[in-house]
Each structure stands twice: as structure tokens, then as C-alpha cells.
Amino acid sequence: MTTADVLMLALGAVAVGAGALVVTTRHLVRAGLYLVVSLGAVAGIFLVLTAELVAWVQLLIYVGAVVVLLLFAVMLTRAPIGAADDLDRPGWPATLVGGGTGLGLAVLLVDAYRWSTVELPEPGTAERLGTEIFGSWVLPFEVLSVLLLSALVGAIAVSVRIPGRRR
Amino acid sequence: MPVWLELVVRVVGVVAAFLVLPLVVGQAEHKVMAHMQGRLGPMYAGGFHGWAQLIADGVKFVQKEDVTPREADRAVFRLAPVVALVPYLLALLVIPLGPNDLVGQPLDIGLFFVLAVVGVGVVAVLMSAWASANKYSLLGGLRGAAQLLGYELPLVLAAASVAMAAGTLSLPGIVEAWRPWWLLWQAPAMLVFFVAGLAEIRRPPFDMPVADSELVFGYMTEYTGLRFAFFLLAEYVGIVVIAALTTVLFLGGWQGPFGDAYLGWLWTLIKVFLVSFVIIWLRVSYPRLREDQLQRLCWLVLVPVALGQLVLTAGVRLAIA
Amino acid sequence: MSERTGLPGEGLAKGLAVTLRTMTRRAHTQQYPDVAPELPPRSRGVIALLEENCTVCMLCARECPDWCIYIDSHKEEVAMPGAARPRQRNVLDRFDIDFSLCMYCGICVEVCPFDALYWSPEFEYAEYDIRDLLHDKTRLGQWVATVPPPPAHDPNGEPSKEEATAARKAAAPATAGQRGAGPEVRIRRPARRPPAGPGSAGNPEASGGREST
């Protein structure tokens with residue numbers, strides 16, 4: 001076991017543990033904060049895997065923006081401080097679906113790689129990532145940007161208020 | 001020099017900067033603000049023109065009672081000041097002071113690192129706001145979240161412009177690529193970055209989240225003693241970080257009129273303090289923006305300007321290359 | 001800013017200029033405990049009592065809006081050799097001003113007919129116990145040393161009443177027929193002591209002292 005392995009395992013445990021807390025805690029806002037921990041741990045895993053840029057982008061986008069937006073929305077509701085007693089979530093189906101997917105993926109990956117080792121690639125610098133994205137992955141990239149653009153246009157179309165028209 | 005010794009020296013250097021620079025900026029704020037208002041400011045602590053005022057303040061904060069409201073979410077409430085402070089400490093780690101690796105930790109994508117880490121500070125605002133169990137805190141937190149989310153966009157876009165111009169995401173790399181004429185064609189990006197940075201650290205005139213005349217003290221209302229001091233320290237480290245980033249990205253960092261190789265650290269410090277002075281100056285001169293003016297400025301002025309600057313930068317880069 | 005003409009951002013620049021200009025000027029702060037403040041001579045700091053001038057006329061105590069002056073006295077007989085009968089004289093036993101009540105209106109100083117009360121600019125007599133703010137006559141007498149000389153007369157102002165009267169008296173023998181100016185002065189300010197008149201204000205003890213109680 002190298003240091004990287006230990007770090008990897010520890011961060012993975014943190015990520016999974018915090019993720020479990022997100023769905024089990026009865027504190028609404030704390031669930032969002034656990035999500036911060038979980039996503040931060042994932043960023044740490046990226047770091048261990050030498051994907052620096054992806055790690056910081058994960059931090060910037062997910063912790064800095066997405067979770068904050070989520071927390072913002074939760075706080076706008078009547079989220080109580082302390083445990084919320086009136087949470088009614090169907091627990092069992094969610095456990096089945098989530099656990100099943102997780103187990104299935106884990107089994108698939110473990111079965112696929114067994115004990116084969118892979119050399120860590122070169123550090124995932126911005127330059128390499130750029131070459132990859134605009135080289136072999138340019139089509140998915142462009143498709144994604146079209147998707148985001150349509151989402152933006154849709155958001156404007158939904159929210160815009162045209163004078164004279166009711167709504 | 002063995003690796004561990006070098007590491008220790010670097011960490012000690014960053015921690016020293018983390019502790020000293022905010023105090024210097026804070027003291028400068030006391031004195032500059034006082035003189036801009038025709039006052040003298042602190043005159044007694046330490047003997048000579050009150051130089052030890054902030055140290056005395058620190059001692060005072062330590063002595064105060066550490067109050068946690070009964071209704072508060074204790075764990076989150078107590079953790080928030082630390083979450084507010086640590087990102088800036090990490091950001092200081094990668095900001096270069098001079099050439100030849102005079103930096104806490106040279107990082108290939110330092111720019112992204114700094115932006116990501118500074119963005120985490122929002123979480124602290126939300127944590128403290130919600131955990132305080134106080135309506136003023138919550139209002140302040142909501143304002144803060146809306147403000148920080150909005151202004152992160154022009155901040156990142158303006159930084160991206162200069163990164164595109166330099167062709168690298170490394171902060172020392174950007175300084176090395178910087179030329180004096182960049183002052184001209186990166187000026188809009190610099191303005192956008194500086195204004196958005198002011199909003200990111202919630203300094204007046206962008207201090208709606210703490211707006212003491214409306215919201216008591218916003219998300220910091222319930223904090224006392226050392227935890228409150230942490231928030232204050234975070235604010236001043238924030239000034240240092242934003243000033244240093246503006247210096248490094250747009251003002252040429254260690255590049256000075258002469259002797260860059262051995263006087264670089266001095267040029268950087270001078271520029272950082274000049275930008276800090278401007279930040280203090282703006283605080284004294286301008287009234288606080290209203291909440292809707294704030295969002296309007298962000299989305300209707302800063303973002304379009306930043307996008308235009310991106311197009312300009314890309315065009316010039318292509319023309320040169 | 002929209003309706004004003006001029007360059008955009010002009011107001012912002014002006015704001016910055018104002019603060020910068022103020023910074024380069026000297027601060028207005030008075031460093032009070034280190035440097036004594038320069039107070040004008042008629043500052044209302046504390047009321048001083050010149051005990052010899054007091055005739056226990058009680059005017060000050062009666063005019064005081066919040067009744068913060070306490071006066072006790074007794075009468076003494078003074079046998080003057082050669083006089084037909086002994087004269088009576090008021091002796092001041094107690095003259096206290098309670099500065100915890102005083103509102104510094106200065107009416108007592110104004111009404112004192114014999115210049116026994118003065119304003120002194122001294123103001124550093126705060127106490128830890130409110131009862132210590134009651135200054136007795138020795139304490140009030142000590143303040144007299146701090147009373148500044150009256151400021152010089154304004155060269156453009158009208159002459160003081162004393163000067164005017166003296167000038168009129170000096171001119172009176174020459175124009176004996178025009179006595180009409182005299183009553184006019186009295187009508188303008190009804191004198192409290194008709195026999196004394198404004199002319200004798202200079203030596204109050206001689207004439208007015210015994211009549212007032």
C-alpha cells in the first residue's frame with residue numbers, strides 16, 4: 001500500500017460516508033453541507049489521481065456554485081434548524097435503487113479490472129486536458145455546449161416577461 | 001537544502017504573511033479612513049500613532065466570552081469561522097511574491113486553484129447565516145449567497161481573459177508573460193476583476209450581506225470573541241488576496257522599473273499595498289449599493305464587459321500568433 | 001446621475017477626489033487629554049462664586065430654573081462708631097450649587113446684581129459619586145482663580161452702558177436743558193433699583209447692598 005492508496009481509500013470512505021449522511025440526515029441544511037464534504041472528497045480523489053485541473057474545477061463548480069445554489073434554495077424554504085420531523089421520503093425504494101446501482105457498478109468494475117494495475121498517466125494539466133477535449137472528444141464537448149445553450153435559451157424563454165401578454 | 005527544511009521555510013513564510021499582512025492592511029485602513037474623514041484614528045495603543053491597535057483588539061477579542069445562541073446549530077455555527085478563514089490561507093499559498101519560485105507552493109494551475117478555493121468562502125457565509133438562528137443573519141446570508149454566486153462569474157471570466165492572453169494558468173507564468181502594454185488592452189478585465197473581487201470579499205460598497213445599518217451585522221450578528229475575530233481576519237486576508245491577485249494578474253507582479261531579479265518581492269508588496277489602499281479608499285468614498293443595483297451591475301455591466309474582453313483577448317492572441 | 005450632463009463616472013471620480021483631498025489635509029481632531037482645548041473666554045464650564053460680592057439677595061436661587069442653588073444666611077449687627085444705630089449685615093453661611101442639576105443656562109450669572117457669580121471655562125470636575133457634584137462655597141470660591149478676564153469690547157459694537165452713561169453725564173452740564181435723554185434710558189430698561197440707577201453699578205456694595213434683602 002502506497003501513500004496514494006491510503007489517501008485514496010480514506011477519501012473514498014469520506015465521500016461515501018458523507019454521501020450516506022446526505023440522504024439519511026434529518027437536518028435539511030446539514031444535508032447540503034455533507035454534500036460539500038462529499039464533493040470535496042471526490043475532488044481530493046481527483047487530486048490523488050493526478051487530475052489537478054479536474055479537481056479544482058470540481059471544487060469551483062460543485063462546491064463553489066452548485067451546492068451553494070442548493071443551500072440557497074433550501075434556506076429560502078422553511079428549513080428548520082435542527083431535525084425536521086415531517087420529512088416523508090420513501091426510504092426503501094431509494095435504498096434499493098441507490099444501493100443496487102452502487103453495488104452493480106462496483107461489481108462490474110471489480111470484475112473488469114481484478115488485480116490488474118494501471119500506471120498513473122501524466123499529471124492532468126490544463127494543456128493535456130485541452131488537447132484531449134479538443135482532439136478526440138471534441139464532438140461530445142460541442143454537443144454538451146449545444147445542450148447548455150439550449151438550456152440557457154429555455155431558461156430565458158420561461159422567465160422572460162413580454163409586456164402586453166398576460167402571465 | 002533538504003526538502004523538509006524548504007517545506008518548513010515556505011509554510012512558515014506563508015503563515016507569517018497570513019498573520020502580518022492583514023494586520024498591516026487593517027492598521028492602514030484605520031489610519032487612512034480616519035484621515036480621509038479628517039480624524040486621527042487610533043493614537044494610543046503601542047505609543048507611536050497607535051501602531052499596536054489591532055494587536056490590542058486581538059487581545060480584547062480573546063478575552064471576550066464565546067457565546068453560542070441556544071437555538072443555534074452548534075456544530076455548524078462553530079465551524080463557520082474556520083471555513084471562512086482557511087480558503088484565504090490556501091490562496092496565499094500559491095500567490096508568487098517574486099521570481100525564481102519565491103512562492104509558497106508553485107502550482108501549474110494556480111489561477112484555477114485560487115479561484116476555486118476563494119469560491120469555497122461562500123459556504124462559510126451560508127453556514128454562519130443559517131446556523132445562527134437569527135433572521136438578520138439569514139437575510140445577510142441569502143444576500144451574500146446571491147451576491148457571491150453572481151460575482152463569481154465576472155471574476156472567473158476576467159481571470160480567464162488574462163490567462164488566455166498569457167497562455168498559461170500558472171500564476172508565475174502569467175507574471176512572466178506580462179508586458180507593460182497589457183495594462184492597456186487588459187484594462188477592462190482588470191476593472192471587472194477588481195470590482196468583482198471587491199464583491200467577493202464583501203467590502204463596501206458591496207457589503208450588503210453585512211450592511212450594519214439594515215441587518216445589524218448580517219451573518220456575523222451572533223458571533224462574539226475569537227470567532228468574530230476570525231471573520232474580521234478573513235475580511236482583511238481577503239483584501240490581501242484580492243489585491244495580490246489583481247497585482248499578479250494585471251499589474252505585472254514582481255516586474256518593476258529595475259532589478260526584478262532581486263527586488264521583485266518589493267515591487268509585488270508595493271503593488272499589493274497600493275491596490276489595498278484603493279480598496280480602503282473606495283470604502284471611504286462610496287455609499288453601499290442597493291441589492292437590485294448590485295445584481296444589475298453584475299449581470300448588465302460586468303458580465304458583458306468580461307465577455308467582450310474575452311473576445312478581444314482571443315482576437316489579439318490570434319492576430320499575434 | 002442620469003439627468004446630469006458630463007462624463008460618465010464623473011461623480012465617482014469626484015467622490016474619490018474629495019476623500020483624497022481630505023486625507024492630505026490636517027485632521028481636525030483635538031487631542032484633548034494631552035492638549036488642553038482652547039475654549040473661548042465666555043465658555044460655560046463651571047460657575048465661580050466671589051463670596052465678598054454676595055449680599056444674599058437670593059435672586060440667583062429664585063431665578064434658577066431647576067432650583068440647584070442653595071443659600072443659607074444669618075444677620076449680624078455691625079456697630080459703627082459714630083452711627084446713630086447699629087447696622088444689619090447679611091452673612092453668607094452656605095452657598096451650594098448642585099452641578100448634577102444645573103443645566104448651565106447662566107441665568108444666575110445674568111441676574112446677579114453685584115457680580116458675585118462668574119462663568120469659568122474649567123470643565124474637568126467630573127466625579128465618581130453624583131453627590132460630590134454639589135459644590136459648596138469654598139469649592140465655588142476656588143473656581144474664581146480660573147475666571148478669565150472679560151474679552152475686549154467689540155470695536156464695532158455699541159458702547160457699554162457704563163460708558164454711555166459716563167459720556168452723557170460728562171456732556172450733561174453743557175446741555176442742561178436737554179434732560180430728556182435721561183428718562184428715555186430708564187424706560188427702555190426698567191430698573192430693578194430705581195434710586196440706584198445704572199450709573200452706580202460700579203460700586204454695588206455702597207448703595208444697593210442693604211436694600212435687596
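**A threonine and its surroundings**

Reply: Start with B:T247. Neighbours within four places in sequence are left aside here; beyond them, B:T247 is in contact with B:G252, B:G253, B:T268, B:K271, B:V272 and B:V275. Contact means heavy atoms within 4.5 Å. This is a predicted model, where local features need pLDDT of at least 70 and side-chain atom pairs count only at pLDDT 80 or more, while totals for chains, interfaces and linings use all residues. Residues are numbered from 1 along each chain as its sequence is written, chains are lettered from A and ligands numbered from 1 in the order in which they are written, and side-chain values use heavy atoms, with hydrogens and water left out.

Where does B:T247 sit? Its place is helix α10 of chain B, residues 225–250. Helices (H or I, at least four residues) and strands (E, at least two) are DSSP runs, numbered from the N terminus. Why does B:T247 count as buried? Because its relative accessibility is 0%. The cut-offs are these: buried is under 20% relative accessible area, exposed is over 50%, and partly exposed lies in between (1.4 Å probe, protein chains only).

Now turn to B:Q186. This residue lies in a loop of chain B, between α7 (182–185) and α8 (187–200). B:Q186 is buried too, since its relative accessible area is 2%. Its side chain makes a polar contact of 2.9 Å with the side chain of B:S161. A polar contact is a pair of N or O atoms within 3.5 Å; within protein, one must be able to donate a hydrogen and the other to accept it, and residues adjacent in sequence count only if both atoms are side-chain atoms. With neighbours within four places in sequence left aside, the contacts of B:Q186 are B:S161, B:V162, B:A165, B:F250, B:Q309 and B:T313.

Next, the partners of chain B. Two pairs of chains touch, and the pair A and B has the most contacts. On that interface, 30 residues of chain B meet 26 residues of chain A. How much area is buried between chain B and chain A? About 2300 Å², with carbon and sulfur atoms giving 83% of it. On the side of chain B, B:I109, B:W130 and B:L149 lose the most area to chain A, together 27% of what that side buries. Buried area is the accessible area (1.4 Å probe) that two parts lose on being put together, summed over both.

What holds for charges and polar pairs here? The rule finds zero salt bridges between chain B and chain A. A salt bridge is a side-chain nitrogen of Lys or Arg within 4 Å of a carboxyl oxygen of Asp or Glu. Ala, Val, Leu, Ile, Met, Phe, Trp, Tyr, Cys and Pro count as nonpolar, Asp, Glu, Lys and Arg as charged, and the others, Gly among them, as polar.

Chain C comes next. Between chain B and chain C, the buried area is about 1200 Å², and carbon and sulfur atoms give 66% of that. Zero salt bridges are found between chain B and chain C. Seven residue pairs, both at pLDDT 80 or more, are in polar contact across this interface. On chain B, the elements that give two or more residues to this side are α1 (3–36) and α11 (260–285). The largest share, five residues, comes from α11(B). This side of chain B has 10 nonpolar, four polar and one charged residue.

Chains A and C share no contact, and their closest C-alpha atoms lie 24 Å apart. Chain A has six helices and zero strands. Of its 167 residues, 23% are buried. Chain A is divided into domain 1 (3–82 + 92–122) and domain 2 (125–160), with bounds from an automatic or database domain assignment. The centres of these two domains, taken over C-alpha atoms, are 23 Å apart. Chain C has seven helices and five strands. From its N terminus, the order is α-β-α-β-β-α-β-β-α-α-α-α. Of the 213 residues of chain C, 24% count as buried.
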